[in-house]
Amino acid sequence: MSDARLSVFKTYKLYVGGKFPRSESGRVYEVTDAKNNWLANAPLSSRKDARDAVVAARKAFGGWSGATAYNRGQVLYRVAEMLEGRREQFVREVTEAEGLSKSKAAAVVDAAIDRWVWYAGWTDKIAQVVGGANPVAGPFFNLSSPEPTGVVAVLAPQDSSFLGLVSVLAPVIATGNTAVVIASEKAPLPALSLAEVLATSDVPGGVVNILSGRPCEIAPSLAAHQDVNAIDLAGADEELAKELEIAAADNLKRVLRPQDVDFTQAPGTERLTAFLETKTVWHTTGALGAAGSSY
Amino acid sequence: MASASAFEYAPAPESRSVVDIAPSYGLFIDGEFTDATGGKVFKTVSPSTEEVLSEVAEASEEDVDRAVKAARKAFERWSALPGAERAKYLFRIARIIQERSRELAVLETLDNGKPIKETRDADLPLIAAHFFYYAGWADKLDHAGFGAEPRPLGVAGQVIPWNFPLLMLAWKIAPALATGNTVVLKPAETTPLSALFFADICRQAGLPKGVVNIVTGDGRAGAALVAHPDVNKVAFTGSTAVGKAIARTVAGTRKKLTLELGGKGANIVFDDAPIDQAVEGIVNGIFFNQGQVCCAGSRLIVQESIQDELLDALKRRLSTLRLGDPLDKNTDIGAINSAEQLARITALADAGEAEGAERWSPACELPDAGYWFAPTLFTNVTQAHTIAREEIFGPVLSVLSFRTPDEAVAKANNTQYGLSAGIWSEKGSRILAVASKLRAGVVWSNTFNKFDPTSPFGGYKESGFGREGGRHGLEAYLDV
């Protein structure tokens, strides 16, 4: 034991409103690797942490949804840039979290970075793909355009701690929603580290809030929260998903049910459109119109 | 409102002879009219006279099951049909609706209580247009933006309200059939007749048996349909309370769900608005269909500087509205749909008075028989008042005022609902700025209550989810 350097452990914290608090409850839980070796103590979030996160997400919604789609795309791309720089860190964390070989973990991290890039490009295109002009039978100019639904609670996938997380989070914020994410219960560390990337990527504080802990403890309060507009049940088992969907009916939240997804495959637009509202604006045009104009 | 003036008209009743209402109707299952198991029936009355129009079968859970089985059986062949063939059936239906539109308009007015000029000039043309619009989609689904070869879901269970009985049927059935689904539809208890006439239209169009099934009954039949394990898609238009119950019922299943629920639409009038047009829009927004419209502009939010001028003009206009026989072509305001609904409107209006708002109605004689409510205006309303928060679903307008555009937006959005809103201003930049801040699925600028099959319709927040109409309306019936 001569000169071996003792490594510095990291205290993992929550990410709420752009800050890194400990759980209000003061609780932590043990996170282990695939072989049951201790990795770290993660914050065990309380219902109060979840409510604080909703408040932060609501506060951030106006600015984020009001930002130009171009600007949001830039910010999402910046996340990919910052992740690329920390690639090795995430490969190590995913290796430990999911018990993958280093090369498989590297493939997962690369896919996750590429996914941010993919969604960065969607921000200023989705309105053209799913919105448009409606040729109504009358003297009206009538446009449908998508708008973010608001605060989205996201139960991140349990087994895909990083690629799965990115695959459900990026589409939510790409369209201008803000998110409260419950990380994978048994493998929360890549999510908590992602928070450090988000905090340094121009993502405004509160746009993404990340909690670690027990979904069965904190998700019900998010599902029943009157100021949450939608919930993605990706990481819920069948029983919890049903309970949460029932709670979500209280204020008619938009619900995305859990489904079998291979996150390595190219995602469609479903996760983008699941949390969009269509607003249709009518305006009178009177009798004059280009088509009927004589010049 | 029979004030003697230059606006007096002689009665101009539409003839009832174009409609032949049978003394009783069965359920329409697998292409046949059939009695309900157990033989239960209920009566449907004309809200303007309380005359019994017909007796209708009351579907039991067993009947709902029979209808779903028929729809399931028909699904196999209907969904396998080339889109172009399905399109032709829908075009046939659209044409027959046009041919029979006078008959259907009179029928709808008798059973619902709404004025003939609205069924004739608004409902029926829109109903035909919906079938035409979705007919054209049936063979173009590959190009609709939901991927190549999108698949139908299966059996659609659809529950519709009494305010636009045949129009809501068209909104539900046209996209369902175009996309290759089969249908079990439950019309509202108080307005079942036009759906049963539609069954006859399906027969005339030669629609294969079981593709459309109509089960009449009350909320229990609707609940049984929504809960049926072999239903793949649930579509509901109606109250927010029932919508929440349905959302709980389908939780944990694979059923796809769309809900079109209540609203408390804000109609915002800025000081530069064209006052006369705004007054027409306000009247149309809240007194069309006796205010029994989910997207009604039930909260008038007017800029303080023009409030007095606007209210004077509005009251003058209201005094010229004619209330009475819905079959009279000059009638503007018809009957409330049911005694139950009238009681609810009355209770909420009384609550408005009790909470200190100022009530006004034009001089107005109400007929002795039937269910009637005079057009009513409340001023001195605050956001805390029950009448400013709860959906009344009747001809009752609450007036609030504002000073700045931000205040108008804040007040407009201060509701659990998010279905519709109106903006009245001559300034384009203001309209676009305010429209972008309103949390509502439909925003009408310098107009109100306009509908079109090409235009998606649906709400934010507790006004439900999903969109009906337009390309967006296809998604609800496709596996995407």
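Two salt bridges turn up across the interface of chain A and chain B in this predicted model. Take the pairing of B:Arg248 with A:Asp250: this is a salt bridge in which the closest N and O atoms sit 3.0 Å apart.

On the chain A side, three residues stand out: A:Leu252, A:Lys279 and A:Trp282 account for 24% of the area that chain A buries against chain B, more than any other three residues.

As for confidence, the predictor puts the complex at an ipTM of 0.95 and a pTM of 0.96. Chain B has a mean pLDDT of 97, and 99% of its residues come in at 70 or more.

Inside chain B, there is a helix pair to look at. Helix 3 (residues 101-112) and helix 6 (residues 193-205) of chain B have axes that come within 9 Å and cross at roughly 155°. Since angles over 145 degrees count as roughly antiparallel, helix 3 of chain B is therefore roughly antiparallel to helix 6 of chain B. From helix 3 of chain B, the contact uses B:Glu103, B:Leu104, B:Leu107, B:Glu108 and B:Asp111, while helix 6 of chain B brings B:Leu193, B:Ser194, B:Phe197 and B:Ile201. Sorted by class, this contact between helix 3 and helix 6 of chain B has five nonpolar residues, three charged and one polar.

Notes: Residues numbered from 1 in each chain as written. Chains lettered and ligands numbered in written order. Predicted model: local features only at pLDDT ≥ 70, side-chain atom pairs only at ≥ 80, totals over all residues. Heavy atoms only, no water. Axes fitted to C-alpha atoms, helices over the stretch in contact; angles between N-to-C directions. Helix = DSSP H or I, 4+ residues; strand = E, 2+ residues; numbered from the N terminus. Parallel < 35°, antiparallel > 145°, perpendicular 65-115°, else oblique. Contact = heavy atoms within 4.5 Å. Nonpolar A, V, L, I, M, F, W, Y, C, P; charged D, E, K, R; others polar. pLDDT = per-residue confidence, 0-100. Buried area = accessible area lost by both parts, 1.4 Å probe. Salt bridge = Lys/Arg side-chain N within 4 Å of Asp/Glu carboxyl O.
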